[in-house]
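Visitor: Hello! Could you walk me through this model and tell me what stands behind each term you use?

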Amino acid sequence: MIQLDEIQKRLLMEVADLHKVPEGAFNIRSNGESAGRQSSANIEIIPKDNGSGLDIRIKPGTKNESVHIPVVMTKSGLTEVVYNDFYIGEGADVTIVAGCGIDNCGPKDSEHDGIHRFFIEKNASVKYVEKHYGSGEGTGKRILNPGTEVYMDEGSYAEMEMVQIKGVDDTNRKTTANLKAGAKLIVRERLMTHGEQRAISLYDVTLDGEGASADVVSRSVARDNSYQEFEAKIIGNAPCHGHTECDSIIMDNGRILAVPGLEANNVDAELFHEAAIGKIAGEQLTKLMTLGLTEAEAEEQIINGFLK
Amino acid sequence: MLELKNISFGVESDGQSKEIIRDVSLTIPDNKFVVITGPNGGGKSTLAKLIVGIEKPTSGQIILNGEDITDKTITERAKMGMGYAFQQPVKFKGITVLDLVRLAAGKRLSPGDACDYLAAVGMCARDYIDREVDGSLSGGELKRIEIATVLAKGSSLSVFDEPEAGIDLWSFGNLIEVFEGMRENIHDSSILIISHQERILNIADEIIVLSDGKVTKQGSKEDVLPGLIGTSAAITGCSKVVMRKGGEAK
């Protein structure tokens with residue numbers, strides 16, 4: 001196992017809440033190579049033959065186990081594309097914690113493109129947490145382009161929490177999901193951009209089986225001169241239930257484009273979209289100021305709550 | 001003690017200036033429960049906003065415990081000991097009841113301590129402490145939480161803008177008990193309530209009638225209240241229904 005320095009440890013804490021080597025199965029990727037890997041009795045982590053990523057195989061029926069696969073980058077100018085495939089066996093119930101932290105102190109751009117595919121078998125249940133974080137004073141950009149593909153078999157369940165609060169200059173996120181009968185997908189995205197950052201997030205969810213349901217909710221804050229695009233498309237090909245929601249706060253010169261997309265190809269498909277963009281309500285600031293907070297403190301509390 | 005000296009406040013609308021508060025002078029003494037009443041549109045809520053700093057007077061002075069606070073901000077006044085309960089409680093996304101009570105108290109209260117404030121407004125705290133202060137709560141629940149935040153803040157002058165507005169009469173009956181409790185524990189603080197409700201007027205030490213932006217009456221409950229009974233400035237739940245029905249019948 002490679003020794004991690006203080007910056008790498010700090011990044012690990014930010015993206016995976018890891019203070020030490022995690023229990024259970026894990027793979028820590030640091031500056032393009034594995035800094036530690038461990039499989040467990042039920043969860044196997046196998047490097048792909050061509051070295052492009054990992055296959056993570058979770059045995060059917062595995063319960064209450066977790067997999068951590070955080071990535072940290074501290075070298076300026078490093079660009080990598082990683083393909084990780086998760087095979088979640090029938091009836092398993094697991095938590096997967098991914099996430100990427102980039103500390104870029106140099107002049108060159110650092111980029112990590114993580115492509116994650118999830119094959120979730122019948123009646124399996126997955127909680128997936130992905131946090132993105134950037135730091136470092138360098139002029140090089142910190143770029144993260146996550147691609148997520150989710151294939152959900154009958155009766156499976158996936159809950160995905162995607163968080164990017166700080167420090168990532170450029171993001172192009174694409175998430176696609178395909179749900180069979182009775183499968184349920186819940187996505188909770190939280191995003192904050194500042195400075196000159198740009199973040200694009202596209203969702204394409206297809207509900208193919210009877211009783212499939214998806215709930216995709218994004219809460220975001222765009223500050224300074226940052227720009228965000230959120231495009232959520234749900235396609236209903238069967239009697240199903242789909243809901244997307246984009247709720248955003250804009251501040252300073254922040255800009256946001258929200259594009260709803262609903263396509264019903266079955267008369268019993270029920271699809272909903274909600275979107276709201278606006279600045280912080282003045283009365284919210286006033287209320288907190290009457291409790292003794294300054295305007296800046298009130299703003300911070302409102303945003304913290306909103307992105308919690 | 002709070003003193004208003006010759007306070008006026010006007011707004012511009014459709015190119016015309018309109019005076020909402022006209023040269024109002026009054027005093028809210030320490031340890032008193034004072035109710036401001038009067039017809040709708042008479043300037044009561046505006047006066048409350050001027051007191052806590054949400055609006056700035058066009059002219060006049062506001063003095064708190066001898067210090068001129070006319071130019072102080074909302075935050076400064078709050079730190080000097082003013083509390084304010086909104087007529088329409090503000091909703092938040094993601095901020096829980098516990099968060100809000102903690103912010104009000106200005107310290108990291110334990111959930112148990114926060115519960116005490118909710119219990120004081122008749123809420124079963126366990127059911128509410130982790131709820132978000134948003135549209136999932138009823139008007140009566142939001143109103144109670146609003147009052148709990150003012151209690152948690154602990155103010156030397158607490159201003160309540162129409163606590164009865166927007167809630168059903170059953171909830172209001174319970175709320176009255178909260179104010180009766182405050183009335184009993186008023187030590188070293190004053191309470192200013194804007195209300196039309198006879199039951200609130202009944203527990204007042206002093207009543208101020210504000211009409212058309214001017215103070216038309218001010219005095220002890222005994223002096224002022226008898227003249228108000230039966231008018232829109234002092235209504236009971238039942239008479240309100242009777243009056244409305246009567247009005248429609250004519």
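Visitor: What do the buried residues of α7(B) pack against?

Guide: They pack against β8 (190-194) and α8 (198-201) of chain B. Please keep in mind that this is a predicted model. The residues in question are Leu175(B), Phe179(B) and Met182(B).

Visitor: What makes those three residues of α7(B) buried?

Guide: A residue is called buried if 20 or more other C-beta atoms lie within 10 Å of its own. Leu175(B), Phe179(B) and Met182(B) are the buried residues of α7(B).

Visitor: Why do you say that the buried residues of α7(B) line one face?

Guide: Look down the axis of α7(B): the buried residues fall within an arc of 50°, so they line one face of the helix. In general, an α-helix has 3.6 residues a turn, so residues three or four places apart point the same way.

Visitor: Which exposed residues sit on the face of α7(B) turned away from the buried side?

Guide: That face carries Trp170(B), Gly173(B), Glu177(B) and Glu184(B). For "exposed", the count of other C-beta atoms within 10 Å has to be 12 or fewer.

Visitor: How does the reach of α7(B) compare with the span expected at 1.5 Å a residue?

Guide: Helix α7 of chain B covers residues 169-184, 16 residues in total, and reaches 23 Å from first C-alpha to last. The expected span is 22 Å, so the two values are close.

Visitor: Let us turn to the sheets. What is the order of the strands in the six-stranded open sheet of chain B?

Guide: The order is β6-β7-β8-β3-β9-β10, and the pairing is mixed. Neighbouring strands are turned by 15° against each other on average, with direction ignored.

Visitor: How do you know which strands pair, for instance β6(B) with β7(B)?

Guide: Two strands pair if DSSP finds at least two bridges between them. Four bridges join β6(B) to β7(B), residues 157-161, and the two run parallel, so the pair meets the criterion.

Visitor: Why is β7(B) called largely enclosed?

Guide: Five of the five residues of β7(B) are buried, so the rest of the structure largely encloses this strand. Leu157(B), Val159(B) and Asp161(B) point one way, while Ser158(B) and Phe160(B) point the other way.

Visitor: What makes β2 and β5 of chain B edge strands?

Guide: They belong to an open sheet of four strands in the order β2-β1-β4-β5, with antiparallel pairing. Each of β2 and β5 has a single partner strand, so one side of each is left without a neighbour in the sheet. Helix α1(B) packs on this sheet too, touching β1, β2 and β4 of chain B, and its direction makes about 65° with that of β2(B).

Visitor: How many bridges link the strands of this four-stranded sheet?

Guide: β1(B) and β2(B) pair over nine bridges, with Ile7(B) opposite Val24(B). β1(B) and β4(B) share five, and there Ser8(B) stands opposite Ser59(B). Asp68(B) is the bridge partner of Ile63(B). β4(B) and β5(B) form a hairpin with two residues between them, and Asn65(B) in the turn has a positive phi of about 45°.

Visitor: Finally, how many residues does each chain bring to the contact?

Guide: Chain A gives 16 and chain B gives 19. On the side of chain A, the largest share, seven residues, comes from α2(A). By class, that side has six nonpolar, seven polar and three charged residues.

Methods. Residues are numbered from 1 along each chain as its sequence is written. Chains are lettered from A and ligands numbered from 1 in the order in which they are written. This is a predicted model: local features need pLDDT of at least 70, side-chain atom pairs count only at pLDDT 80 or more; totals for chains, interfaces and linings use all residues. The arc is that of the directions from the helix axis to the C-beta atoms. Two residues are in contact if their C-beta atoms, placed from the backbone, lie within 7 Å. Ala, Val, Leu, Ile, Met, Phe, Trp, Tyr, Cys and Pro count as nonpolar, Asp, Glu, Lys and Arg as charged, and the others, Gly among them, as polar. Axes are lines fitted to C-alpha atoms, for helices over the stretch in contact, and angles run from 0 to 180 degrees between N-to-C directions.
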